[in-house]
Amino acid sequence: MLRGQAGGEGLCRSFRALPETEVRSALLSQRLHPGRGGGSCSVARMSLSVALDAAHYQRDFSVYKTAAEATSRLPSCTANGIQSGTWWTLQGGCDGLSICEACHAGFLVPIGVAQYFERTRRSFSSPILCSLHITAPRALDLLSHFGQMIEKGLFSHFADYARLWSGVRACPGLKAQGGGTWFGYHELYMCKECYLECAVSQPLADTLPVRDLYEEDLRICQMWSPRMRRLWLETNAAGAVGSPESKAAEDRLRELGTQRFQVYNATVLQIEVMQQMQAMRRRAALHKGVQSTVYAGANSFAMAAGASDGYMYGNSSLGWHGTRNGLIGAQLGMESRAELAQLSGGDETAEILRLQAIWSQVE
Ligand SMILES: [Zn+2]
Ligand SMILES: [Zn+2]
Ligand SMILES: [Zn+2]
């Protein structure tokens with residue numbers, strides 16, 4: 001929101017940090033800065049800070065004014081996404097890149113690259129996260145290529161990166177992922193990130209049977225581990241594509257993929273289940289500890305109030321207490337401590353370590 005304001009009072013830190021230039025004075029004289037306590041400050045908004053830089057650079061305040069006025073009418077670019085409106089992408093289309101109207105008006109127009117982008121249709125079954133929002137996948141890399149593009153004056157620097165990488169999810173690592181897109185072999189999937197990082201430039205890349213295959217079910221990426229990447233490179237180096245040596249190396253790699261997946265199921269998945277159960281039991285044991293404190297407190301309270309019946313409750317291991325609550329408290333406290341001790345040093349922890357050791361051999 002752009003609101004008028006008097007003098008220099010109520011200026012936020014972002015504004016006070018602006019260098020003393022004609023753009024700053026123009027902002028002040030045109031009263032484009034919101035007053036104390038009101039609205040979101042346009043100077044502090046990231047997309048507009050780009051417009052502000054562009055205005056400084058071009059020594060043209062209207063660049064900033066136009067961007068500020070346009071974005072103030074548009075839904076702001078947030079981590080929750082936007083479920084309507086016009087979206088922009090690269091000329092010629094780029095499915096992974098969706099830029100919201102606010103970033104179009106605040107980034108692309110002021111910098112003077114709007115002509116490289118076109119309107120695009122996006123389905124609004126759920127809110128769309130703008131590719132330039134800092135929480136979008138690879139937004140930092142994308143923005144840094146955006147900066148280099150401005151510096152070098154070479155739009156392709158941004159476009160090439162965006163076409164290849166935008167929308168590529170980060171590798172799920174050890175976690176199984178549903179609804180992913182996969183590359184590789186049926187016995188050995190790799191996620192798109194790993195494919196782009198270590199497979200795409202290798203001789204066997206074009207012959208991979210699984211390419212951009214969508215899988216609703218849970219699958220794991222087998223190519224994030226340094227060991228598997230090394231074996232993949234060795235397979236590529238085994239011989240010319242299509243030669244018997246190359247085929248044999250590929251068969252070995254696929255077999256390893258099957259084996260490794262079996263070991264994954266028997267170890268990593270088991271460890272996850274055991275850790276979840278441990279966490280549940282730890283919560284139960286801690287809960288007993290809290291209850292124990294409550295009963296012990298009730299006991300002390302009754303004793304202090306002289307409300308005991310004169311009878312002593314207890315036994316040799318739990319001690320003697322003036323009320324039944326005191327005995328219950330001591331009993332719960334002992335159970336809680338015993339259960340916690342068992343959790344930290346128990347058979348299960350040893351079993352988890354054993355499974356981790358098995359997995360580390362094939363990781
Ligand atoms: Zn401000
Ligand atoms: Zn945006
Ligand atoms: Zn991966």
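Hello everyone, and thanks for coming. Residues count from 1 along each chain as its sequence is written, while chains are lettered from A and ligands numbered from 1 in the order in which they are written. Because this is a predicted model, local features need pLDDT of at least 70 and side-chain atom pairs count only at pLDDT 80 or more, though totals for chains, interfaces and linings use all residues; side-chain values use heavy atoms, with hydrogens and water left out.

Let's begin with the metals. Which residues hold the zinc ion (ligand 2)? Its protein donors are the SG atoms of Cys77, Cys100, Cys103 and Cys130, at 2.3 to 2.4 Å. By donors I mean N, O and S atoms within 2.8 Å of the metal, or 3.2 Å for Na, K and Ca; water is not among the atoms, so sites may look incomplete. The angles among the four donor atoms run from 106 to 115 degrees, which makes the arrangement tetrahedral. For four donors, that label asks that all angles lie between 85 and 135 degrees. Along the chain, the spacing reads C-x22-C-x2-C-x26-C. Cys103 sits in helix α5 (residues 101-111) and Cys130 in the loop between β2 (117-120) and α6 (139-152), so this pair ties together parts 27 residues apart in sequence. Helices here are DSSP runs of H or I with at least four residues, strands are runs of E with at least two, and both are numbered from the N terminus.

Cys103 is buried at 3% relative accessible area, and Cys130 is buried at 1%. Buried means under 20% relative accessible area, exposed over 50%, and partly exposed in between, using a 1.4 Å probe and protein chains only.

While we are at α5, why call this helix largely enclosed by the rest of the structure? Because nine of its 11 residues are buried, among them His104, Phe107, Leu108 and Ile111. Gly112 follows α5 with a positive phi near 85 degrees.

Now the zinc ion (ligand 3). Cys171, Cys191, Cys194 and Cys221 supply its protein donors, again through SG, at 2.3 to 2.4 Å. Angles of 103 to 115 degrees make this site tetrahedral, and the spacing here is C-x19-C-x2-C-x26-C. Cys194 belongs to helix α8 and Cys221 to the loop between β5 (210-215) and α9 (226-237), so they tie together parts 27 residues apart in sequence. Cys194 is buried at 1% relative accessibility, and Cys221 is buried with a relative accessible area of 1%.

Helix α8 (residues 192-199) also holds Glu193. Is Glu193 buried or exposed? It is buried, with a relative accessible area of 14%. Contact means heavy atoms within 4.5 Å.

On to the cores. In soluble globular proteins, nonpolar side chains tend to be buried together. A nonpolar core, as used here, is a set of buried Ala, Val, Leu, Ile, Met, Phe, Trp, Tyr and Cys residues joined through side-chain atoms within 4.5 Å. The largest one has 53 residues, and Leu90, Leu97, Phe117, Phe158, Met223 and Trp232 touch the most other members. Helix α7 (residues 155-165) gives the most to this core, with six residues. Domain 1 (45-167) and domain 2 (180-254) each contribute at least three residues; those bounds come from an automatic or database domain assignment.

Do click on Trp232: beyond four places in sequence, its contacts include Tyr185, Cys198, Leu208, Met223 and Leu253. Another core lies apart, with 10 residues, including Leu48 and Ala68.

Two stops remain. Tyr264, in helix α10 (residues 244-266), is buried at 2% relative accessible area. Its contacts beyond four places in sequence include Leu174, Ile220 and Trp359. Tyr264 and Glu363 are 99 residues apart in sequence, yet their C-alpha atoms are 8.8 Å apart.

Finally, helix α11 (residues 268-304). At 1.5 Å a residue, its 37 residues should span 54 Å, and the end C-alpha atoms are 54 Å apart, which agrees. The expected span is 1.5 Å times one less than the number of residues. Its buried residues include Val268, Met274, Gly289 and Ala302, and just after α11, Gly306 takes a positive phi of about 70 degrees.

That's my tour, and I'm happy to chat.

Conventions
Tetrahedral: all angles 85-135°; square planar, octahedral: opposite > 155°, others 65-115°.
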